[in-house]
Amino acid sequence: MNARHRQILDAIRTDLHRIPETVVMRAACATMGHGQMVGILARPAEGAPEDSRAGLGAIPPEVQGRPCAAPEAGASCRELAAPLLSGEAVLSHAASWALAAVNASLPTPAGARTVKGQDIMRQLGTGRNVTVVGHFPFVERMADEFASFHVLERNPRPGDLDNRDGHAAAAVLPEADVAVITGTTLLNGTLGTLLELLPAGCTVILLGPSTPFAPSLLECGIHVLAGAAVIRPAETLDAVARGSCFRSLPGVSHLVWPGAGT
């Protein structure tokens, strides 16, 4: 984790402390951690249950399959978020719970649009050099739409560039016109390093259900936040508890929030 990444975490913490404190109403993960997500339903500490919001966090592949202890009802979302935002929690269930707590606390921005991440990627990247950090389910069917296309992955699949040592990122990101970066880079501490490899003028999209709608991120070198809003929390958290991956979750709306000028 470098200084740039710490600045990003500080920006999220600043946004979290600008809003009223929230507390956990319900938390969900697969019983033995085999699911790919955790979810938190939270309400303002001084508010009513009907003011609640839900947020999601990915479980990195490195920790999937381990026991996943959920936070108790009444726990402070700020306290849950603290280990990640201080840089202490990396690649752990604590980091995933922290990001879910952030996402359950931050309000959905008024300027967000109901658009899937791959659609904004296509809109901004067609005919340009595009690099994706993280193997999203849609990447196989999009390669022909771009002038060049690379997928960087720490757990590579056929066609991906193996980025476990960071060498692939250093080779291709300096040539990118558009970079699409998974929100799980907040969990493994690599987002700051990746941003420093990008050339001036590159458009950066932070994508995935872990992506927080934190306004300060749009001042940290990220141009578009493409995340998710949980609109039917009970259904969504039930599916999370069954071990469903994100694309199988009901009650979720894909949202894109572009910064000014994007």
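Residues are numbered from 1 along each chain as its sequence is written, and side-chain values use heavy atoms, with hydrogens and water left out. Because the model is predicted, local features need pLDDT of at least 70 and side-chain atom pairs count only at pLDDT 80 or more, while totals for chains, interfaces and linings use all residues.

**View 1. Strand E2 pairs with E1 and with E3.** Strands are DSSP runs of E, at least two residues, numbered from the N terminus, and two of them pair if DSSP finds at least two bridges between them. Strand E1 (residues 22–29) runs antiparallel to E2, joined by seven bridges. Six bridges join E2 to strand E3 (residues 53–58), again antiparallel. Follow Val38 of E2: Cys29 is its bridge partner, and in E3 Val38 is partnered with Gly57.

**View 2. Strand E2 is largely enclosed.** Six of the eight residues in E2 (residues 37–44) are buried, so the rest of the structure largely encloses this strand. Buried means under 20% relative accessible area (1.4 Å probe, protein chains only).

**View 3. Phe136 and Phe138 form a stacked pair.** The structure holds two aromatic pairs; rings of Phe, Tyr and Trp (its six-membered ring) pair if their centres lie within 6.5 Å, and planes under 30 degrees apart count as stacked. Here the ring centres of Phe136 and Phe138 are 5.5 Å apart, with planes at 10°. Both residues are buried.

**View 4. Phe146 and Phe149 are stacked too.** Their rings lie 5.3 Å centre to centre, with 25° between the planes. Phe146 has 7% relative accessibility, so it counts as buried; Phe149, at 18%, also counts as buried.

Technical notes:
Buried means under 20% relative accessible area, exposed over 50%, partly exposed in between (1.4 Å probe, protein chains only). Helices (H or I, at least four residues) and strands (E, at least two) are DSSP runs, numbered from the N terminus. Rings of Phe, Tyr and Trp (its six-membered ring) pair if their centres lie within 6.5 Å; planes under 30 degrees apart count as stacked, over 60 as edge-to-face and the rest as tilted.
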